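Morning, everyone. Please have the sequence and the model open while I talk.

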Amino acid sequence: MKILVTGGLGFIGSHTVVELQNVGFDVVVIDDLSNSSLDVLNGIEAITGKKPDFEKIDLREKQAVKDFFVKYTDVTGVIHFAASKAVGESVENPLLYYENNIGSLVYLLQELQKKQESHFIFSSSCTVYGQAEKMPITEEAPIQGAMSPYGNTKQIGEEIIKDVAKVSGINSVLLRYFNPVGAHPSVNIGELPLGVPLNLVPFITQTAIGIREQLSVFGSDYQTTDGTCVRDYIHVVDLAKAHVTALQRLIDKKNAEKVEVFNLGTGTGNSVLEVINAFEKVSGQKLNYKIVDRRAGDVTEAYADTTKANNILGWKAELSLDDALASAWKWEQKVRGK
Ligand code: UD1
């Protein structure tokens, strides 16, 4: 059986390709290279000794998706990462997000639906919970109205998959990620944000290396221990491994329902200032930062209840925040040739 990883040259996708190949899966990657580079294939090969098959396809092209499944008839497992993910951009250009994130999902499912049986893993996000009332957040927490078109595409995507599951042989796992950070410990692959990073950790490492002058900490008047926002930062390698576990669960027919949902986090919340302190400790660098106003749309805190992932999926995050920050820093130094 061959596994298709869409967006397989992106941050989480590339780490997942590595973990799939490490346990012997045969992988084909689809990527449109809009936010990634072909060099990532070399990084994957350096770690696993094998380059996955690669097809440059824009999943908005329905015919190209059809042609792919004609060429690769043995693909019955799909891990779907390919999507746009910038919250602000989605507010500016909502139709781009609906076309990219929903159109591509529909075309993939249309092809999988033709098969008697298939396995589908979907990249969802803790953003579906909005500001949850109770911490830690369980999978039972209510889904809140999306705060952006990006967030809405994750909610709608989950709904589409549930509807299609009722009338097809597609079994799915929806994985709701908390905040993925870090890089592969070999630093052959890592995060490559285009332009000015929007996420905290790449902004920290780019500030430390001297590309950005100063990190802005968005708000210090939240109702948290030190006033800054709290998130659940999960090492990308742990996250990648969860995809392999979820896929194997579907292949072994161990899933309890046609669509299962799991939160993927560490279960621990850390404030922005705690992340900065941890970074300074592991890197030995003093970080230039200042507290500024809150960023619109940020929730106060979000961290996962991982009981379901631990007990039912049989997966647990093993790496620490320090591990993640140390690898992110090593990766930044490598990318900048320092
Ligand atoms: C964001 C998105 C989320 C999306 C995820 C994808 C929002 C509101 N949420 O998560 O929907 O799934 O990215 O990657 O955009 N921070 C700073 N200074 C910075 C950058 C961030 O203080 O320069 C703070 C933020 O206020 C937040 C924390 O760091 O408290 C993490 O921010 P970020 O990495 O952007 O992730 P989220 O906002 O949690």
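I'll go through ring pairs, charges over rings, the ligand, a few single residues and the backbone.

Some ground rules. This is a predicted model, so local features need pLDDT of at least 70 and side-chain atom pairs count only at pLDDT 80 or more, while totals for chains, interfaces and linings use all residues. Residues are numbered from 1 along each chain as its sequence is written, and side-chain values use heavy atoms, with hydrogens and water left out.

Rings come up now. How many aromatic pairs does the structure hold? Three. Rings of Phe, Tyr and Trp (for Trp, its six-membered ring) pair if their centres lie within 6.5 Å; planes under 30 degrees apart are stacked, over 60 edge-to-face, and the rest tilted. Take Phe68 and Phe69. Their pair is edge-to-face, with 5.2 Å centre to centre and 85 degrees between the planes. Phe68 is buried, at 3% relative accessible area. Phe69 is buried too, at 7%. Buried means under 20% relative accessible area, exposed means over 50%, and partly exposed is in between, using a 1.4 Å probe and protein chains only.

Now look at Phe279 and Trp329. They also make an edge-to-face pair, 5.5 Å centre to centre, with 85 degrees between the planes. Phe279 is in helix H9 (residues 272-283) and Trp329 is in helix H11 (residues 321-335), so this pair ties together parts 50 residues apart in sequence. Helices (H or I, at least four residues) and strands (E, at least two) are DSSP runs, numbered from the N terminus. Both Phe279 and Trp329 are buried. Back to the Phe68 side: ring pairs link Phe68, Phe69 and Tyr72 into a cluster.

Next, charges over rings. Here NZ of Lys or CZ of Arg must be within 6 Å of the ring centre and within 35 degrees of the ring normal. Arg294 lies over the face of Tyr222, 3.9 Å from the ring centre. Lys308 has its charged end over the ring of Phe262, at 4.9 Å from the centre.

On to the ligand. Which residues are closest to the ligand? Leu200, Ser216, Arg231, Arg295 and Asp298, out of 19 that surround it. To count as near, a residue needs a heavy atom within 4 Å. Strand E8 (residues 215-218) gives the most to this shell, with four residues. Some polar side-chain atoms lie by ligand oxygens. For Asn179, the distance is 2.9 Å. For Thr127, it is 3.4 Å. For Ser125, a side-chain N or O atom is 3.3 Å from a ligand oxygen. How much of the ligand does the protein bury? Taken alone, the ligand exposes 740 Å², and the protein buries 85% of that. Those areas come from the Shrake-Rupley method with a 1.4 Å probe; for residues, only the protein chains shown count as cover.

Lys2 is in strand E1 (residues 2-6). Is Lys2 buried or exposed? Buried, at 8% relative accessibility.

Leu112 belongs to helix H5 (residues 94-112). Leu112 is buried, at 0%. Leaving aside neighbours within four places in sequence, Leu112 is in contact (heavy atoms within 4.5 Å) with Phe69, Val78, Ser118, Phe120 and Ile170. Thr76 is 36 residues away along the chain, yet the two C-alpha atoms are separated by 7.3 Å.

His235 sits in strand E10 (residues 233-235). His235 is buried, at 3%. Beyond four places in sequence, His235 touches residues including Val181, Leu319 and Asp323.

Last, the backbone. Most residues other than glycine have a negative phi, and most peptide bonds are trans. Against that, a cis peptide bond joins Met135 and Pro136, with omega about -15 degrees. Pro136 is in the loop between strand E5 (118-125) and helix H6 (149-166). Leu33 has a positive phi, near 60 degrees. Leu33 is partly exposed, at 22%. Val187 has a positive phi as well, near 50 degrees, but Val187 is buried, at 8%.

That's my tour. Thanks.

Conventions:
Polar contact = N/O pair within 3.5 Å; in protein donor to acceptor, adjacent residues only side chain to side chain.
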